[in-house]
Amino acid sequence: MSSQLKSAFDHRPRSLVPNLDRFLIATSRHNASLLIFLVCCAVASIGAVVIRDMENTNAKTLEMYAASVRGLQNIGELQYEAQETRRSTLYALTTSDSNLQVEYADQSRNADQRVTNGIAEYTKQTREVEESALAKRLAMDWENYLSVRDEVLASILEGSIKEAVSYDLSGGVPAFERVRLDLNEVKRLYGEDASKSQARLAASSRRSTWRLAGIQGFTLLLSGAAIWAIQRSRMLNTIQLAKLQMEFVASVSHELRTPLAVLNSAADNIADGLIEGKSTLKRYGAILQHQSRSMSHLVDEILLFASTEDGSQKYVLRPLQLTSIIDSIVKATEGIIRDSGFVLELKVEPNLPLALGDESGISKCLQNLISNAIKYGGEYRRIALHAFQADVMQNSSREVCVSIADRGIGIDSSDLEHIFDPFYRSPRVSAAQIHGTGLGLSLAKRIAESMGGRISVLSEVSVGSTFTLHLQVAKGDDKKAATSSFRSSLSQKL
Amino acid sequence: MSRRMTVLLIALELALWPQAEAADLFAMIPEPSAVEQNTQADPLAIVVNRSNPVDELSLSELRKVFLGSRSHWPNGRRITIVMRDPGEPERKAILRDVCGMTEDQLKTHFLRGLFTGEILVSPKVLSSPIGVRKFIFNVPGAIGYLRVRDVDDTIKVLRIDGLLPDDKHYQLHIQSQVAME
């Protein structure tokens with residue numbers, strides 16, 4: 001018997017640890033995925049910023065190149081047209097034919113119009129003070145030259161060649177020289193502007209490089225932090241798992257030790273021949289029977305938990321009349337309730353609809369909740385079982401509920417989120433020397449969820465707790481299936 | 001002195017000879033019969049540079065200008081006369097209505113004036129109305145003549161005896177020949 005128990009005890013952790021591992025690893029994976037997702041998001045956002053930056057730099061380069069080319073082209077055109085203006089004027093000197101002279105004058109005027117337009121365009125484009133001043137000077141010098149040119153042209157057309165040459169030498173040549181110098185100055189400014197743009201571009205490129213390096217560093221840092229967090233999370237999970245395993249082993253050992261001690265003591269007394277009389281022997285038999293059942297119950301619970309954990313426990317859902325199940329549960333727990341000095345207040349609403357579930361699952365679930373209520377029921381020693389139907393707020397359907405309320409020690413709000421975790425034992429409960437494995441509520445919750453239901457809890461410290469099992473109301477199709485199933489089972493019985 | 005006069009006369013003859021020949025050539029072109037032609041009056045605008053301060057001239061003043069008797073405008077600018085090629089209807093109208101001379105008489109007049117120094121510059125001859133317009137546009141002291149349709153806002157039209165070409169009693173007209181069926 002002892003060796004059997006030992007082997008069973010040894011076997012339990014081996015079967016549970018992998019399940020716990022899976023659970024914790026799944027949690028770690030979830031955390032890791034989240035972290036990796038965050039890292040990816042951060043890298044993608046920063047990458048987008050860098051790409052935009054590079055695109056801006058590229059656009060600036062293209063713009064600068066285009067502006068330089070356009071600027072130089074414009075300057076070249078201006079220089080050519082200015083020369084053309086002067087050249088055409090001088091051509092007019094070479095002929096005495098008035099028709100040809102008029103033609104040359106016309107060419108000169110067309111060219112000067114293009115120069116004037118070009119200067120106006122340049123003036124519009126200027127941004128800096130120096131450029132504006134130069135544009136103004138160029139326009140003025142060009143105007144001066146044109147006034148001299150007009151006089152020269154007029155003299156040529158009048159036939160006063162000597163006068164025309166004199167005008168040109170005294171006024172035209174210096175005026176045109178000033179224009180030429182101005183245009184060279186404009187060219188120089190364009191060059192300087194291009195150099196400045198180039199310098200800005202180089203600075204922008206350097207900034208981009210630094211940003212890229214920074215982003216790489218940040219990404220590495222973030223990745224390192226993520227890896228560290230994942231490893232840390234895994235380590236914590238492993239530590240927590242080990243701790244839970246230790247607590248579970250201690251708890252189960254403790255739970256087993258009491259009946260084992262009783263069994264040992266009873267067996268020793270019987271072996272030593274200390275038991276005399278049939279009535280005493282009968283009493284010992286009852287003790288042995290009770291303790292062995294208690295051990296068996298504990299082992300069953302652990303095995304059931306293991307089966308719900310690996311998913312091997314399947315429930316066949318069918319419509320059930322909860323009234324009869326509640327009756328049977330009341331009968332089954334009547335003894336333990338009475339022995340514990342508790343009173344069960346039963347309230348079942350009439351005309352409860354059929355609930356969808358598994359009879360054994362519902363029984364197991366409710367029994368666990370009743371056991372819990374007894375364990376933590378405190379001094380008031382009253383348990384209320386209430387069966388009713390309620391609305392489901394999420395989808396405006398209805399559900400069948402069975403609540404089990406006690407007026408015991410209650411659950412601290414910080415413990416509420418953990419009470420359904422496997423092997424979880426509140427520090428307050430451990431301190432109060434209330435024994436348990438931490439499996440009851442976890443098991444009840446898993447069974448409820450396996451049947452498509454859920455368990456909710458309302459609790460207040462020193463006021464009491466109410467656990468409610470929520471089950472789906474069976475629909476029309478389920479009822480037909482239930483009827484046919486009932487008939488087939490009936491025919492089998494008959 | 002007599003030698004010098006002889007040289008000048010020869011030069012004058014040489015200058016007049018091509019015009020005389022040209023006049024003979026024109027005379028060789030048969031004139032259309034009166035039955036086939038009809039005349040239509042087309043006003044002739046007297047145009048100057050826009051900077052010219054003069055807006056109006058009398059017909060007699062215009063005659064002085066076109067014959068070179070008047071050499072400068074009131075603003076001191078030298079007057080440059082712009083003529084069309086010989087034989088052009090506009091030129092004929094000016095010769096007839098303003099100068100009151102034939103082509104030969106005009107040539108002789110100018111040769112004599114240039115020779116004696118009474119006229120400073122001989123008229124400029126341009127072959128197209130556009131040329132005339134552009135010349136006047138370019139030369140502040142220029143004066144010429146154009147059909148009204150050839151005038152634009154780059155030049156200024158003078159009033160003659162207080163009238164513009166579109167006015168009723170305007171005196172300068174081109175006698176255009178229109179073919180009749």
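Predicted model: local features only at pLDDT ≥ 70, side-chain atom pairs only at ≥ 80, totals over all residues.
Strand β5 (residues 398-406) of chain A is joined to β7(A) by 8 bridges, and the two run antiparallel; strands count as paired if DSSP finds at least two bridges between them. Helices (H or I, at least four residues) and strands (E, at least two) are DSSP runs, numbered from the N terminus. Residues are numbered from 1 along each chain as its sequence is written, and chains are lettered from A and ligands numbered from 1 in the order in which they are written.

β7(A) also pairs with strand β6 (residues 454-460) of chain A, antiparallel again, over 7 bridges. Here I455(A) has L469(A) in β7(A) as its bridge partner. β6(A) and β7(A) make a hairpin with 3 residues between them, and S462(A) in the turn has a positive phi of about 70°. As for cover, 7 of the 9 residues of β7(A) (464-472) are buried, meaning that 20 or more other C-beta atoms, placed from the backbone, lie within 10 Å of the residue's own.

Stepping back, these strands belong to an open sheet of 5 strands in chain A, in the order β2-β4-β5-β7-β6, with mixed pairing. β2 (343-348) and β6 of chain A sit at the edges with a single partner strand each, so one side of each has no neighbour in the sheet. From one strand to the next the twist averages 20°. The parallel part includes β2(A) and strand β4 (residues 382-391) of chain A, joined by 6 bridges, with H386(A) in β4(A) as the bridge partner of K347(A).

Helices come next. Helix α6 (residues 322-339) of chain A lies across β2, β4 and β5 of chain A and runs at about 175° to β2(A); angles run from 0 to 180 degrees between N-to-C directions, with axes being lines fitted to C-alpha atoms, for helices over the stretch in contact. Residues are in contact if their C-beta atoms, placed from the backbone, lie within 7 Å.

Helix α7 (residues 359-375) of chain A packs with helix α10 (residues 440-450) of chain A at an angle of about 150°, the axes being 9 Å apart. That makes the pair α7(A) and α10(A) roughly antiparallel, the word for angles over 145 degrees, with under 35 roughly parallel, 65 to 115 roughly perpendicular and the rest oblique. Among the residues that meet are K364(A) and N368(A) from α7(A), and L443(A) and I447(A) from α10(A). By class, this contact of α7(A) with α10(A) has 7 nonpolar, 6 polar and 1 charged residues; Ala, Val, Leu, Ile, Met, Phe, Trp, Tyr, Cys and Pro count as nonpolar, Asp, Glu, Lys and Arg as charged, and the others, Gly among them, as polar.

Over in chain B, helix α2 (residues 59-66) and helix α3 (residues 89-99) pack at about 125° with axes 9 Å apart, and α2(B) and α3(B) are therefore oblique to each other. L62(B), R63(B) and F66(B) in α2(B) meet I94(B), V98(B) and C99(B) in α3(B).

Between the chains, the contact takes 13 residues from chain B and 10 residues from chain A. On the chain B side, α5(B) gives the most, with 4 residues.

Notes:
Contact = placed C-beta atoms within 7 Å. Buried ≥ 20, exposed ≤ 12 C-beta atoms within 10 Å, placed from the backbone.
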